[in-house]
Amino acid sequence: MFSGSIPALVTPFAEVVSGGGGDHVGGAFDEAAFRALVDWQIEEGSSALVACGTTGEAATMPKDEHFLVVRTCVDQTKGRVPVIAGAGSNDTAVAVDNLKAAADAGAAAALMVPPYYNRPSQEGVYRHFALLAERSPLPIVLYNVPGRTVTDIQPATLIRIVTAFPEVFVGVKDASGALPRVSQHRAGVGPDFAQLSGNDDLARAFNAMGGVGCMAVTANVAPRLCAEFQAACATGDTARALALHDRLYPLHDAMFADASPGPVKYAMARVRAGFPEGLRMPMTWPGEAARAAVDAALAHAELL
């Protein structure tokens with residue numbers, strides 16, 4: 001259902017300069033800047049868009065604002081590409097409600113993390129997703145990012161979830177960093193289940209093992225290069241895929257030179273004049289070393 005380069009979109013917030021060290025504190029959602037970002041992403045070849053994921057600072061948004069951003073994304077795409085709405089929660093009841101809100105906003109699918117902070121057992125993870133499957137009005141892309149959630153959807157559990165509800169669970173964004181899982185998942189649920197890398201820097205290896213794309217941070221900044229890289233992987237043009245990977249790799253690395261999404265918002269301001277620099281606290285503007293790493297990576301990718 002999903003493949004190619006799928007940016008996990010940043011959310012532009014109007015900059016409010018704070019007295020706390022001059023931080024670029026995020027104010028109101030900048031709808032005009034977001035609509036322009038959506039158009040640019042589609043024009044540059046992105047195959048789908050994620051609204052209100054981790055990179056979109058969803059954790060700082062109240063529910064009304066969260067799904068306003070999703071509705072705005074859906075409205076601006078005008079059906080050109082599907083929109084996947086971040087809708088996860090550590091509270092199963094809230095996650096069910098978020099799925100309904102995502103559907104009401106017009107999303108094509110929902111991106112759902114396992115319960116964070118609570119640290120459920122693998123049985124608890126299964127039951128959480130089973131209840132969501134029974135009540136979901138949308139297809140679901142699982143999002144496994146144990147570095148943030150602490151909770152890991154282990155391969156046996158993912159296979160159990162997808163096998164029980166194959167019409168609901170259509171893919172996974174795997175940010176575990178464990179490449180063998182691509183093969184384990186293929187063996188358990190087959191090749192039609194969309195495996196998407198959640199780590200930009202591992203996307204080439206991930207695709208070589210059977211992945212079909214990446215939900216990427218770097219694609220915010222370099223959407224055309226990321227789309228071309230994914231196309232090269234899909235068509236088996238290994239030489240071009242490697243050349244594009246080498247061109248993009250320093251940028252993948254620099255996106256996490258400081259707490260994300262600080263570096264990617266700095267990069268967006270460098271490549272798109274006037275892009276809002278606001279970050280919602282507790283996220284802060286990247287430090288000098290991180291900004292230098294981003295600048296060097298943008299130059300290496302020939303984006304400056």
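Guide: What follows is a set of questions and answers about this model. It is a predicted model, in which local features need pLDDT of at least 70 and side-chain atom pairs count only at pLDDT 80 or more, while totals for chains, interfaces and linings use all residues. Residues are numbered from 1 along each chain as its sequence is written, and side-chain values use heavy atoms, with hydrogens and water left out.

Visitor: In what order do the eight strands of the open sheet stand?
Guide: Strands (E, at least two residues) and helices (H or I, at least four) are DSSP runs numbered from the N terminus, and two strands pair if DSSP finds at least two bridges between them. The pairing in this open sheet is parallel, and its eight strands follow the order E1-E10-E9-E8-E7-E6-E5-E4.

Visitor: Why is one side of E1 and of E4 left without a neighbour in the sheet?
Guide: Strand E1 (4-7) and strand E4 (49-51) stand at the edges of the sheet. One side of each is left without a neighbour because each has a single partner strand.

Visitor: Which residue in E5 is the bridge partner of Val 50?
Guide: E4 and strand E5 (residues 83-86) run parallel and are joined by three bridges. In E5, the bridge partner of Val 50 is Ile 84.

Visitor: At about what angle does H2 run to E5?
Guide: Axes are lines fitted to C-alpha atoms, for helices over the stretch in contact (heavy atoms within 4.5 Å), and angles run from 0 to 180 degrees between N-to-C directions. Helix H2 (residues 63-77) lies across E4 and E5, and its angle to E5 is about 175°.

Visitor: Is Thr 77 buried or exposed?
Guide: Thr 77 lies in helix H2, and, not counting residues up to four places away in sequence, it touches Val 38, Ile 42, Leu 49 and Val 83. Buried means under 20% relative accessible area, exposed over 50%, and partly exposed in between, with a 1.4 Å probe and protein chains only. With a relative accessible area of 2%, Thr 77 is therefore buried.

Visitor: How many of the residues of E7 are buried?
Guide: Strand E7 (residues 140-144) is joined to E6 by three bridges, and these two strands run parallel. Both faces of E7 are covered, with Ile 140, Leu 142 and Asn 144 buried on one side and Val 141 and Tyr 143 buried on the other. The number of buried residues in E7 is five of five.

Visitor: Which element gives the most residues to the lining of the largest pocket?
Guide: On a 1 Å grid over the protein atoms alone, a pocket is an open set of points where a 1.4 Å probe fits, with protein on both sides within 12 Å along at least five of seven lines, and lining residues have an atom within 4 Å of a point. The largest pocket has a volume of about 710 Å³, and of the 31 residues that line it, the closest to its centre are Thr 54, Ala 58, Ala 59, Gly 88 and Tyr 116. Two or more lining residues come from each of H2, helix H3 (92-104), strand E6 (109-112) and helix H5 (146-149). The element that gives the most, with three residues, is H2.

Visitor: What phi does Gly 236 take?
Guide: Helix H9 (residues 223-235) packs on the sheet, where it touches E1 and strand E10 (213-216). Just after H9, Gly 236 takes a positive phi of about 80°.

Notes: Points joined across faces, edges and corners; volume = space filled by probe spheres on them.
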